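Thanks for asking me to look this one over. Please have the sequence and the model open while you read my points.

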Amino acid sequence: MMWDLHGPSQPRQQFSGHAMVVTGLAVNPDSSQLCTGSRDNTLLLWDVGTGQCVEKASVSRNLVTHLCWVPREPYILQTSEDKTIRLWDSRGLQVAHIFPIKQHIQTYCEVSEDGNRCISCSSGFGGEGCEATLWDLRQTRNRICEYKGHFQTVASCVFLPRALALMPVIATSSHDCKVKVWNQDTGACLFTLCLDGSGPLTSLAIGDTISLLCASFSRGIHLLRVDHSQGLQLREVAAF
């Protein structure tokens, strides 16, 4: 459903078409189209203005876990429980590329602001799997780097904007209650923040030029502040 943030409390638009829970949603750069994915193995492309489904694609065993629209491009990145990362062309909703299959379920994906790179996250336990992977999105589409150090499923990953760090870095959150910050180029872990008592950490989002938001099972949403006083660090300043 879609709401007008400054309008009435009733939904402005409803998009009905999936047969099972909707697990991914992405809006195109000009906000005219919406792509949704589901555990019913399908992706649907919608006209935001009319609420009509304009394209449908189905792939066997493609249980969608996340969707992300590539900035300034007609492409949609998608992760799946079949351990596959797919790049879809929204013009006809066809698979444009399949990245090398990973060993574990791919839980999340994110595209850099320039659209040149993307990262995906893996499920896992006891340090098996539990990694994030950086991919080239424009040329070779090969794996560039892996970020290993979590001990349970990595549920979310984000590129940190340059305003938050002096070097290219990414952040990951995991079911092991930890948020880690990584050097994007070398794969070195720069800092680890443990949110004890939070339960599994489920998602990360950029808050503003100095903060991140992290969602957890047990303690709601955590506000994390980037601190440069002693190198690049994160500290929790509030929880909602």
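**Notes on the model**

1. Strands, labelled E, are DSSP runs of at least two residues, numbered from the N terminus. Glutamate 236 has 30% relative accessibility and counts as partly exposed; arginine 219, at 31%, is also partly exposed. (Buried means under 20% relative accessible area, exposed over 50%, and partly exposed in between, using a 1.4 Å probe and protein chains only.)

2. A word on the basis of all this: the model is predicted, so local features need pLDDT of at least 70 and side-chain atom pairs count only at pLDDT 80 or more, whereas totals for chains, interfaces and linings use all residues. Residues are numbered from 1 along each chain as its sequence is written, and side-chain values use heavy atoms, with hydrogens and water left out.

3. How many salt bridges does the structure hold? There are eleven. One of them joins the side chains of arginine 138 and glutamate 73, at 3.2 Å from N to O. Arginine 138 is in the loop between strand E13 (131-136) and strand E14 (143-148), and glutamate 73 is in the loop between strand E5 (64-69) and strand E6 (75-80), so the pair ties together parts that are 65 residues apart in sequence. Arginine 138 is partly exposed at 39% relative accessibility, and glutamate 73 is partly exposed at 26%.

4. Another salt bridge brings together the side chains of arginine 143 and glutamate 146 (3.3 Å, N to O). Arginine 143 counts as exposed, at 53% relative accessibility. Both residues belong to a network of salt bridges that links Lys102, Glu131, Arg143, Glu146 and Lys148.

5. Now for a sheet. Four strands make an open, antiparallel sheet in the order E1-E2-E3-E4. E1 and strand E4 (53-58) are at the edges with a single partner strand each, which means that one side of each has no neighbour in the sheet. Strand E3 (residues 42-47) pairs with E4 over five bridges in the antiparallel sense; two strands count as paired if DSSP finds at least two bridges between them. Leucine 44 stands opposite lysine 56 in E4.

6. Two backbone angles deserve a look. Most residues other than glycine have a negative phi. Serine 31 is not a glycine, yet its phi is positive, about 65°. Serine 31 lies in the loop between strand E1 (22-27) and strand E2 (33-38) and is partly exposed, at 45% relative accessibility. Cysteine 177 also has a positive phi, near 70°, and is found in the loop between strand E16 (169-174) and strand E17 (178-183). Which is cysteine 177, buried or exposed? Cysteine 177 is buried, with a relative accessible area of 17%.

7. Finally, leucine 213 in strand E20 (residues 211-216) is partly exposed, at 32% relative accessibility.

How values were computed. A salt bridge is a side-chain nitrogen of Lys or Arg within 4 Å of a carboxyl oxygen of Asp or Glu.
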